[in-house]
Every structure is written in structure tokens, then in C-alpha cells.
Amino acid sequence: MKFLYTEKAPEAVGPYSQGVEAGEMIFTSGQLPINPETEELISDDIKKATLQSLKNVENILKTAGSSAEKIIKVNIYLKDMNDFAAMNEVYGEFFGEHKPARSCVEVTRLPKDGIIEIEAIALK
């Protein structure tokens, strides 16, 4: 097992790693829409927030030699399910023809009062 770290994704906000490589599988921790360069949380635009969270996931996967095309499962946590259509639009553009399994739920609250958090499981 190997713990993953990249400067191209936000630092963990607690006692956990950005991701874990276990054999041929990679598990990312939930990624808030934090720009790793500015450390700013995107909290006013679900489309921009979705894209940032997905890029953070992708950058963690790249650290382990994987990519978004090797994602097999995505979990999405939304603060407001009314944002689903806008999130889904960006998500669809990001993945294109690749269609990993996915769950999406509304949650009461996310760390740092984020509006979205995305985690993924991928193959190496």
C-alpha cells in the first residue's frame, strides 16, 4: 500500500492522505473544490466547483500513474441537489464517452462549508 501526495491537489484537511494506491486500485479521498495554487475554495459557482474537484481527483490519480479514463466509480456529495443538472453537465463534459459507475447524494454539510465533494476509485 502506498499513500499518495501531490502539490497539484489541496492538502488534506485532516489526518488522512489525498489518496491510496493498493495493488492495482487507487482510492482518492473526497476532493473539495479548492484550487491548490491559491488554496481558495470555490463556493459560489457549482460548475467551476465541479470542474475543480474533478481536476483535483485527476491530479491525485496522475501521481500514481493513472488517469481519469481509468476511473471505475465516482461518489459525489452535493450541498444542494438543485445543483445536480449544472454539476452533471460539467461532469459529462469532463468524462466524455467514459462512463464510470456513480453515486450522487445531497448532504447537510461538507467540510469548510463546501458545495461539492468528489471521490473516485480507479485502476492503476
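Mentor: Let's start with the ground rule for pairing: two strands pair if DSSP finds at least two bridges between them. The strands themselves are DSSP runs (E, at least two residues), the helices are runs of H or I with at least four residues, and both are numbered from the N terminus. Keep in mind that this is a predicted model, where local features need pLDDT of at least 70 and side-chain atom pairs count only at pLDDT 80 or more, while totals for chains, interfaces and linings use all residues. Residues are numbered from 1 along each chain as its sequence is written, and side-chain values use heavy atoms, with hydrogens and water left out.

The part I'd pick is the sheet. It is an open one, built from 6 strands in the order S1-S2-S3-S6-S4-S5, with mixed pairing. Strand S1 (2-4) and strand S5 (101-106) are the edges, each pairing on one side only. On average, neighbouring strands are turned by 15 degrees against each other, direction ignored. For angles here, axes are lines fitted to C-alpha atoms (for helices, over the stretch in contact), and values run from 0 to 180 degrees between N-to-C directions.

S1 and S2 run antiparallel and are joined by 3 bridges, with Leu4 standing opposite Gly19 in S2. Gly19 also stands opposite Thr28 in S3. S2 and S3 are antiparallel as well, with 4 bridges between them. Those two strands make a hairpin with 2 residues between them, and Gly23 in the turn has a positive phi of about 65 degrees.

A polar atom of the Thr28 side chain lies 2.9 Å from the backbone nitrogen of Ala120. Contact, by the way, means heavy atoms within 4.5 Å. Beyond its neighbours within four places in sequence, Thr28 touches Gln18, Gly19, Val57, Ile60, Leu61, Glu119 and Ala120.

What lies across the strands? Helix H1 (residues 46-63) lies across S1, strand S2 (19-22), S3, strand S4 (71-78) and S6, and runs at about 30 degrees to S6. H2 packs on the sheet too, touching S4, S5 and S6, and its direction makes about 160 degrees with that of S4.

Rings of Phe, Tyr and Trp (its six-membered ring) pair if their centres lie within 6.5 Å; planes under 30 degrees apart count as stacked, over 60 as edge-to-face, and the rest as tilted. Searching the whole structure turns up 2 such pairs. In one, the rings of Tyr91 and Phe95 have centres 4.7 Å apart and planes at 50 degrees, so that pair is tilted. Tyr91 and Phe95 are separated by about one helical turn because they sit 4 residues apart in helix H2 (residues 84-95). Tyr91 is buried at 8%, and Phe95 is buried at 8% as well. In the other pair, Phe94 and Phe95 have ring centres 5.1 Å apart and planes at 85 degrees, so it is edge-to-face. Phe94 itself is partly exposed, at 22%. Together, the ring pairs link Tyr91, Phe94 and Phe95 into a cluster.

Last stop, the loop between H1 and S4, where you'll find Ser67. Ser67 is buried at 17% relative accessibility, and its side chain joins that of Glu69 in a polar contact of 2.9 Å. Such a contact is a pair of N or O atoms within 3.5 Å; within protein, one must be able to donate a hydrogen and the other to accept it, and residues adjacent in sequence count only if both atoms are side-chain atoms.

Methods:
Buried < 20%, exposed > 50% of the residue type's maximum accessible area, 1.4 Å probe, protein only.
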